[in-house]
Amino acid sequence: MSTRTTRGKTAAMSIAAALALTLTACASDSQGATTTTGGGEVSGEVALLTPIYEGTEGQRLLEDELLPQFYEKYPDVKVTVDYTTYNKLNEKLTTSVASGLIPDVMMMGVGWVEGFAERGVLADLSERGITPESLEGDYSDEIVRAGMWDGDVYAVPIMLDTRFGVARMDLLREAGYDAPPTSWDELLEMSEALTIRAADGTLERTGFDILSLDPRQMFETMLFSAGGDLFTEDLSAPAFNSEAGVDALQFVVDLVHESKVEDIGFSSANADVNPLISGRAAMAITHNSLWTQTEEAAPELLDQLEPFVIQGEAPGMFFGGTLATMAKSSKNPAAAQALLEFLASPGPALAANEQRGNVPALTELLDSDYVKGNRLVQFAMENLDSAKREGGPSQWLEIRAEIKPAVEAALLRQKTPQEALDDLAATAKTAMDR
Amino acid sequence: MTDLRAAPSNASRTSDRAAVPRALRSAAPRQSRSGRKMRRAGWLMVAPSIAHIGLWTAIPVIATFALSLTDYNVFSAPRWIGLENYVEIWGDPTFRKATWNTVVYTFWTVPVSMAIAVVIAVALNQKLKLQNWYRAAFFLPQVTATVAIAMVWLWIYNPQQGLLNAALAVVGIPGQAWLADPDWALWGVILVGVWQGIGIKMLIYIAALQNIDESLYEAASIDGASAVRKFFSITLPMLKPATFFVFVISIIGAFQVFDQVYVLTDGGPANSTTMMTYEVYRSAFQNFRMGMASAQSVLLFAFLLVVTLVSRRATRSDAE
């Protein structure tokens with residue numbers, strides 16, 4: 001009897017000890033103690049929602065090259081991937097939040113993090129050892145800030161999408177110019193000189209293409225060039241309807257209607273071929289991926305592409321990008337963090353950037369062969385200090401959707417630039433005060 | 001079904017019982033038990049449909065009405081705000097524009113595609129070579145994904161390499177930036193809607209045409225009626241019930257237009273092609289304002305309800 005009691009006590013104590021050990025292990029997991037050490041301690045299934053790695057090539061890169069490397073390091077983690085595009089990312093995120101099935105790791109754009117962080121969807125990475133200080137050496141300040149909300153880190157940057165000016169030097173030289181413009185006055189003069197129309201007035205070549213980019217991104221680039229900002233420094237009110245904003249919008253409206261540099265409909269954001277490649281534009285505000293597009297479509301033109309910062313009151317360069325975040329509700333936070341850190345690490349980040357022709361967020365990748373061999377990406381990285389990003393307030397996604405129709409209304413002369421921006425500012429203020 | 005309808009009420013059952021001869025009364029409980037069994041079986045049979053409609057239609061509809069009175073952003077619990085969403089919609093110029101665009105789209109796509117569909121249906125109801133091939137060809141847009149169709153139309157409307165401008169150039173008409181010009185963009189969307197809507201309407205009309213008694217045409221021929229006269233005096237009047245049906249489903253379909261706008265224009269330029277459904281989508285998935293999206297959906301529902309009731313009234317008076 002007494003032997004049975006002793007055995008029972010021993011068994012109970014063993015179970016209690018095992019339970020305590022398990023709980024301790026779980027607790028250390030949830031606090032992220034195992035996150036950066038890697039190895040077999042990290043386990044579980046994690047879901048990844050990504051708008052990058054798109055298409056067959058992107059999928060192949062992620063599933064055949066990157067994830068096998070991740071599994072080598074973390075054999076007990078299983079990753080399920082949900083591919084989407086930036087156009088559908090909002091829907092995916094909304095429905096996943098509504099259903100309570102939030103992916104463990106989510107990639108989202110610059111300007112998106114603030115809203116999801118404020119609403120408690122994202123994990124505070126500062127609490128898990130990823131602090132602003134730990135990122136400072138690897139990224140420029142403005143890029144680190146793109147992943148922050150309320151002083152804490154919620155996202156780690158992977159790639160940047162930059163917009164700046166690019167000139168076709170062969171066409172510029174034909175017109176007697178040997179360098180891209182260095183001021184708005186020069187930009188206007190050269191745009192007019194480089195524009196070609198047929199005898200019947202049909203536009204054959206625009207001197208400066210502003211229509212192949214999303215109107216929001218085009219306006220933001222010009223706004224930054226005019227020395228303006230999207231919001232006040234404390235993010236309490238819109239600032240894009242300032243004098244600088246109106247000047248920026250007036251400049252592009254005048255390019256179309258007064259200088260007749262480009263006609264509405266001459267190009268669009270979903271144009272099959274970039275007008276700089278087809279020779280239908282001599283200069284343009286464009287995306288850094290123009291280099292890879294040209295490599296595929298007309299490699300002989302690569303030497304003719306000359307990037308330039310649109311210089312007004314300030315250097316005009318805009319950057320968006322893709323950042324990796326983690327769900328606050330993740331059931332396997334250590335595994336999720338391991339995946340996030342892996343995807344943002346130099347090797348995988350470089351491969352993802354190369355696949356999309358984008359700008360690596362990590363400063364150390366400036367010396368990589370990919371960056372050295374891509375003039376536009378190299379230019380973007382060298383000038384990141386003067387680049388500004390979009391976003392800021394947590395209601396950015398709501399405000400963002402309203403910018404395009406406002407800019408279009410001004411471009412179509414349905415409203416003056418001042419009216420269009422004031423109306424947009426009123427809408428933005430209502431959203432911010434809500 | 002007949003038994004269920006014939007089942008007597010409690011009151012009539014009592015009075016019937018008094019009238020039934022004693023010898024026959026013993027059979028009544030057996031009959032009643034069998035009636036109950038039949039009713040139970042009937043309810044069991046319709047239960048899956050009731051559950052399906054309740055779960056996927058009734059509850060979402062009730063939830064939409066309830067959410068329309070709240071501020072709900074998915075991330076936090078809905079907050080009751082009464083009619084504030086409706087007040088905001090009333091003062092929202094973009095939603096007013098979307099409503100007007102939807103009405104214009106419906107006004108043009110429904111009658112135009114109906115008129116074209118009836119003509120094609122009559123033509124394809126004749127004994128033609130490759131008749132089935134033609135019918136399939138006209139019906140194809142209906143069963144093709146709208147996104148794929150819209151992509152093809154994007155190429156057709158392309159100002160530089162598009163088919164439409166190339167065709168116009170042949171006859172000396174200058175091309176347009178169809179989807180970038182606010183004066184043309186809505187017409188571009190309407191044309192796609194007309195083209196895509198012809199197939200299903202044509203199919204319904206062909207089915208209706210095959211039910212028209214041939215003797216009417218024979219009698220008209222004996223009286224010397226021309227083909228045009230037969231069309232207006234026999235075919236169109238005999239197609240009235242089908243026409244009302246097509247009219248109602250077309251209006252409902254037109255008010256729900258979304259895919260074409262999403263792919264072709266994204267609501268632009270400058271909101272010139274935005275529609276009610278597109279604004280619902282924007283509120284819900286771009287602005288995370290589910291309460292507002294619900295209120296906009298309720299208004300869309302109200303629009304459709306009114307249109308359907310008016311059409312139903314018209315159908316009934318026609319039947320009488």
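This is a predicted model: local features need pLDDT of at least 70, side-chain atom pairs count only at pLDDT 80 or more; totals for chains, interfaces and linings use all residues.
Among the contacts in chain B between residues at least 6 apart in sequence, 69% join residues at least 24 apart.

**Chain B as a whole**
- Chain B holds 16 helices and two strands.
- Of the 320 residues in chain B, buried residues make up 31%.

**Two packed helices in chain B**
- Helix α6 (residues 93–124) of chain B packs against helix α13 (residues 240–255) of chain B at an angle of about 145°, and the two axes lie 9 Å apart.
- The crossing that α6(B) and α13(B) form is right-handed.
- On the side of α6(B), the contact is made by T102(B), Y105(B), T106(B), T109(B), V110(B), S113(B) and M114(B), while α13(B) brings V246(B), F247(B), S250(B), I251(B), A254(B) and F255(B).
- Sorted by class, the residues of this contact between α6(B) and α13(B) divide into eight nonpolar, five polar and no charged.

**One residue of chain B: V194(B)**
- V194(B) is found in helix α10 (residues 182–209) of chain B.
- Is V194(B) buried or exposed? V194(B) is buried, because 20 other C-beta atoms lie within 10 Å, and 20 or more is the count that a buried residue needs.
- If its neighbours within four places in sequence are left aside, V194(B) is in contact with T109(B), V112(B) and S113(B); of these residues, T109(B) and S113(B) also take part in the contact of α6(B) with α13(B).
- V194(B) and F303(B) are 109 residues apart along the chain, and their C-alpha atoms are separated by 21 Å.

**The two domains of chain A**
- The domain assignment of chain A gives domain 1, made of 37–161 + 320–389, and domain 2, made of 163–319 + 394–433.
- Taken over C-alpha atoms, the centres of domain 1 of chain A and domain 2 of chain A are separated by 28 Å.
- The contact between these domains takes 26 residues from domain 1 of chain A and 21 residues from domain 2 of chain A.
- On the side of domain 1 of chain A that touches domain 2 of chain A, at least two residues each come from α4 (113–118), β6 (155–168), β13 (318–326), α16 (375–382) and β15 (388–389) of chain A.
- The largest share of that side of domain 1 of chain A is the five residues from α16(A).
- By class, that side of domain 1 of chain A has nine nonpolar, ten polar and seven charged residues.

**Two packed helices in chain A**
- Helix α10 (residues 243–257) of chain A and helix α18 (residues 417–433) of chain A pack with their axes 9 Å apart and at an angle of about 130°, which means that α10(A) is oblique to α18(A).
- The crossing of α10(A) and α18(A) is right-handed.
- In α10(A), the residues G245(A), V246(A), L249(A), Q250(A) and V253(A) meet P417(A), Q418(A), A420(A) and L421(A) in α18(A).
- This contact of α10(A) with α18(A) has six nonpolar, three polar and no charged residues.

**Where chain A touches chain B**
- Here 20 residues of chain A are in contact with 17 residues of chain B.
- Both α3 (86–99) and α17 (396–411) of chain A supply at least two residues each to the side of chain A that touches chain B, and α17(A) gives the most, with seven residues.
- By class, this side of chain A has nine nonpolar, six polar and five charged residues.

Technical notes:
Residues are numbered from 1 along each chain as its sequence is written. Chains are lettered from A and ligands numbered from 1 in the order in which they are written. Domain bounds come from an automatic or database domain assignment. Two residues are in contact if their C-beta atoms, placed from the backbone, lie within 7 Å. Helices (H or I, at least four residues) and strands (E, at least two) are DSSP runs, numbered from the N terminus. Ala, Val, Leu, Ile, Met, Phe, Trp, Tyr, Cys and Pro count as nonpolar, Asp, Glu, Lys and Arg as charged, and the others, Gly among them, as polar. Axes are lines fitted to C-alpha atoms, for helices over the stretch in contact, and angles run from 0 to 180 degrees between N-to-C directions. Angles under 35 degrees count as roughly parallel, over 145 as roughly antiparallel, 65 to 115 as roughly perpendicular and the rest as oblique. A crossing is left-handed if the near helix is turned anticlockwise from the far one by less than a right angle, and right-handed if clockwise. A residue is buried if 20 or more other C-beta atoms lie within 10 Å of its own, exposed if 12 or fewer, and partly exposed in between; C-beta atoms are placed from the backbone.
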